[in-house]
Amino acid sequence: WTKGGWDENPDIDNPWLGQGDNAPFDQEFYLIFNLAVGGTNGYFPDGDGGKMWTDDSTTAFADFNNALPTVAETWDSPALQIRSVVVTQDTSAGGSVSRK
């Protein structure tokens, strides 16, 4: 299955082999929302927005943690707030939408 990369590594068992085209979304599942900080993958350019670590730092987590007292002062009401979640289903292949 190309979307999961299962076809690229024959040593990994595809848990959805033989299942329908909509697997694993043909059964109930949970959505997990999180907030992550301290990444070094280049998504946030070095020096932008007061970023206090660099992508090539071997101590990025410690750099962030050491600057946390200063950063926390800028947070008026720290919270992760999710306004809405929209989940859609592609029915172009003849699938149907069911609701509980």
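The legends below describe an overview and two close-up views of one predicted model.

**View 1. Overview of the chain.** In this predicted model, local features need pLDDT of at least 70 and side-chain atom pairs count only at pLDDT 80 or more, whereas totals for chains, interfaces and linings use all residues. Residues are numbered from 1 along each chain as its sequence is written, and side-chain values use heavy atoms, with hydrogens and water left out. Of its 100 residues, 12% are buried (under 20% relative accessible area, with a 1.4 Å probe and protein chains only). The accessible surface is about 9200 Å², and carbon and sulfur atoms hold 51% of this area (Shrake-Rupley method, 1.4 Å probe).

**View 2. The nonpolar surface patch around F29.** F25, F29, L31, F33, L35, L80, I82, V85 and V87 form a nonpolar patch of about 930 Å². Patch residues have over 30% relative accessible area and no salt bridge, and nonpolar side chains are joined within 5 Å (a salt bridge is a side-chain nitrogen of Lys or Arg within 4 Å of a carboxyl oxygen of Asp or Glu). F29 lies in the segment before α1 (60-72). With a relative accessible area of 43%, F29 is partly exposed (between the limits of 20% for buried and 50% for exposed).

View 3. S57 belongs to the segment before α1. This serine, S57, counts as buried because its relative accessibility is 18%. The S57 side chain reaches the backbone nitrogen of A60 at 3.3 Å.

Key
Patch = residues over 30% accessible without salt bridge, like charges linked within 9 Å, V, L, I, M, F, W, Y side chains within 5 Å. Helix = DSSP H or I, 4+ residues; strand = E, 2+ residues; numbered from the N terminus. Polar contact = N/O pair within 3.5 Å; in protein donor to acceptor, adjacent residues only side chain to side chain.
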